[in-house]
Amino acid sequence: MRKAAVLLICSFATLVFVGASLLESVLVLQRVAAVSDPGGSISVQPAGSPGFVPLGTTERVKAGDVLRTGADGHLTLNWVDDSRLRIGPDTTVQVLKCQVNRSDDSQDYLFKLDSGQVWVRVLKALSQQSKFEIRTPTATAAVRGTVFSVAVTPDGATRVSVLKGSVALSDKQGSVDIGAGEAGAAGAVSHQVAEMKPDEVAQWDRELSVAKPSLELIEPTYETLPVGLTAVPVSGKAERGSTVTVNGVTITPNLLGKFAIQVPVPAGSDRVDITVRAVDAKGFESVQKRTLVR
């Protein structure tokens, strides 16, 4: 009788454990990143793999994967919530965690930057339960919603520059907040915060695409204005949540970000200029232009 009771208790405990594990797997969704703009030498060490292999045609990166770029290498990782991480040359970075908990809508993003530099865009403001951190050998950069860069300098320090929002940079000595237009260092040096240096400003000018909303212009595909055409079909896809205008007219994309509109051809005109703009919640803008002539 006692053995039967013990067996029953053990079976119940096993069912509870399995049930809790299944519930967690349903509530906690693991996110993968889509790879875009790859160039130069890039290698990847998939989670659980003993070594690196060329990135090749890999289209997705998941938690546990390590990416390494050469002197000419670069790529961008894109998540479904429009978070974005651009990896620069001579950089080694590991995706430690990327998940969302459906029970409280909290998000956890965690990266390990061993060397080099990354540029990051966190579009949506994160909740108190959420976390977006980049860890280096000497410090940790944590954000709620911002556009920033993290670099491991040759002397081993961690340097952060912020284009929008703010970043909390912490190490064994404490923590310091870095605001928009500022840069700071920690780790191998004492905390330093000041305006971005001219070379950092120039660097952001080159890497500004990481901060801009995605925008794809699908139509028109032609450059010659057809005879007799009275309106040009214009269609495309924009980042969800962005404000889209076509020649100054605001249009509302559907839930997938797709939009379409007819642009009138002025009577007697042999030319039509089309300008499509997408502006995100932080004020960053992407522009696509087409000019059709007869």
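Me: Before we start, what does buried mean here?
Reply: Buried means under 20% relative accessible area, exposed over 50%, and partly exposed in between, using a 1.4 Å probe and protein chains only. The model is predicted, so local features need pLDDT of at least 70 and side-chain atom pairs count only at pLDDT 80 or more, while totals for chains, interfaces and linings use all residues. Residues are numbered from 1 along each chain as its sequence is written, and side-chain values use heavy atoms, without hydrogens and water.

Me: Why is Glu-207 called buried?
Reply: Its relative accessibility is 15%, and the cut-off is under 20%, so Glu-207 counts as buried. Glu-207 sits in the loop between helix 2 and strand 19.

Me: Which residues does Glu-207 touch?
Reply: Glu-207 is in contact (heavy atoms within 4.5 Å) with Arg-86 and Trp-119, leaving aside residues up to four places away in sequence.

Me: What makes up the lining of the largest pocket?
Reply: There are 29 lining residues, and Asn-78, Asp-82, Arg-84, Ser-214 and Glu-239 lie nearest the centre. Strand 2 (33-39) is among the elements giving two or more residues, and its five residues are the most from any element.

Me: How do you know what class the lining of the largest pocket has?
Reply: Ala, Val, Leu, Ile, Met, Phe, Trp, Tyr, Cys and Pro count as nonpolar, Asp, Glu, Lys and Arg as charged, and the others, Gly among them, as polar. On that basis the lining of the largest pocket divides into twelve nonpolar, seven polar and ten charged residues.

Notes
On a 1 Å grid over the protein atoms alone, a cavity is a set of points where a 1.4 Å probe fits but cannot get out, and a pocket is an open set with protein on both sides within 12 Å along at least five of seven lines; lining residues have an atom within 4 Å of a point. Helices (H or I, at least four residues) and strands (E, at least two) are DSSP runs, numbered from the N terminus.
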